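This briefing concerns a ligand site and the charged side-chain pairs of one protein model. Please consult the sequence and the structure below.

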Amino acid sequence: MLLYNSFKTLLSLLAVLLFLSGCGQKEDTSPAQPPNIIVIYLDDLGYGDVGAYGATELKTPNMDKLARGGIKFTNGYASSATCSPSRFALLTGIYPWRNKNAKILPGTAPLIIDTAQVTIPKMLKKQGYHTGIVGKWHLGLGSGQVDWNQRVSPGPNEVGFDYSYIMAATQDRVPTVYIENGYVAGLDPADPIQIDYQNNFEGEPTGLDHPEMLKMKWHHGHNNSIVNGIPRIGFMKGGKSAKWVDEDMADTFLIKAQQYIMEHQQQPFFLYYALQQPHVPRTPHPRFVGSSGMGPRGDVIVEADWCIGELLKTLEELQLLENTLIILSSDNGPVLNDGYYDQAVELIGDHKPAGPLRGGKYSLYQAGTRVPFITYWKGTIQPASSDAMVSQIDFLASLAQLTGGNIGQTDSQPLLEVFLGKNNTGREELVLEATTRTAFRQGNWVLIPPYEGQAVNTNVNIELGNTDGYQLFNLQDDLGEQSNLADAQPEKLQQMKEDFQRIRGTDFGETEPLELK
Ligand code: NG6
Ligand code: CA
């Protein structure tokens, strides 16, 4: 609280100063400045986790304010049911199944975006934008062996971001440090960081060997190095002064995001604000503990919503709200038990994180990829609910339309008018992905090919969408994907198979055509 309060005072002071200094320039007759663009990206927030999307047990007033004052998309998709592939697709406009490295990455993975690749921040930079990322990265860093004690590169700054303040992978993966423009923040050179995902460092306690040292217990995975009483994925040694305090992470990212806005308000800016909530480990700041009655998962959603409210206040105070396009979404669907005992399952009550949808994170069913999806631009976007099919993959082409930017061949569709609520005709078709398996949505129909593997991931208790035969659903009257029409509608099945293969066959990137029986 202290940290955030003193920052608030400083912020208000700076806001006044910057506003005053900006006043003199307002008479300039140059053409209207293109809008600032902020993508607020949550981690594992489900379709049903937001009030405006039907949640009644969980209060999300700030996300609701965006949804009710902007366009609330009911058919908005992440590109994948997991994080790295969705983030790859969001930034590049390329389907993740075209990149064999776009899978859930360890903290030591090399960068999976080619530095020659067009990305949203690169495209916007050419249009005069300053570009920044604050929050979760999870797209790999470096090009092989990373020395965390030197500048870590290539990373966000090499694919278009002028400024970056990130966590490398996830909150549950080492290294548990923030990285600012490639440098581990607060690192003491006398205490260098070592990271290994295979072997532990001698003498370092793990969650497996030292359960007595844990303040949060692991359920599956997550039993390697212990940081801040929480067992992680991967082994880490050193870097004590640089280690993050999980409970302060939300405030830390918020403050960095606010600072970024303050510092770049005179130039159009693009801010990718990638919150860590409600991904595991769920560690609300003490002032949010108990705020939801649902345990840590609910509490961190309340916390994330508060952060979004504070960010909006900053924009309002700086009089930027009417010149800022805000996009809010999530990288994949919801999960309750994702590897720690944190009462997410026990305290869920009547709350439905996936809303009316089937499945969740990791799933080919709708809840894997259909997520909260909101565009907001005060004074420009008229409030509405839209059932147009849109994907995060379309941001690249649509933001290029908005700013006059150029992109090469991608999977991104120019849907600016849809995002601004001037048109309700979205995509006709979209390939959905869940950990390298793909499905196909066309109109109101969904085709899921047969896949081997468990029907239900019993660790997380989520139906993955794997079955022996084809699944065909008509979402128009079966949103919950209960009635498989594959046998009853052979012609539809055949036509969808052909169209799916046509798209999966278009070759750029490293596409391997899909073979359907
Ligand atoms: C899984 C982790 C899960 C989460 C996920 C990535 C285990 C057993 N499970 O492998 O906890 O970290 O990866 O989530 O380790 S994502 O949202 O970044 O894709
Ligand atoms: Ca995620």
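The points below treat the ligand site and then the salt bridges.

The model is predicted, so local features need pLDDT of at least 70 and side-chain atom pairs count only at pLDDT 80 or more, while totals for chains, interfaces and linings use all residues. Residues are numbered from 1 along each chain as its sequence is written, ligands are numbered from 1 in the order in which they are written, and side-chain values use heavy atoms, without hydrogens and water.

**Ligand site**
- Ligand 1 lies between domain 1 (33–185 + 243–423) and domain 2 (194–237), because both give residues to its shell; the domain bounds come from an automatic or database assignment.
- Among the 21 residues around ligand 1 (a heavy atom within 4 Å), C83, D172, R173, D338 and K361 come nearest.
- An oxygen atom of ligand 1 lies 3.0 Å from a polar side-chain atom of K136, and H222 likewise places a polar side-chain atom 3.0 Å from a ligand oxygen.

**Salt bridges**
- The structure holds 22 salt bridges, each a side-chain nitrogen of Lys or Arg within 4 Å of a carboxyl oxygen of Asp or Glu.
- R282 pairs with D342, with closest N and O atoms 2.9 Å apart; both residues are buried (under 20% relative accessible area, 1.4 Å probe, protein chains only).
- D338 forms a salt bridge with K361, again with closest N and O atoms 2.9 Å apart; D338 is buried at 6% relative accessibility, and K361 is buried at 4%.
- A network of salt bridges links D43, R87, K136 and D331.

Notes:
A polar contact is a pair of N or O atoms within 3.5 Å; within protein, one must be able to donate a hydrogen and the other to accept it, and residues adjacent in sequence count only if both atoms are side-chain atoms. Buried means under 20% relative accessible area, exposed over 50%, partly exposed in between (1.4 Å probe, protein chains only).
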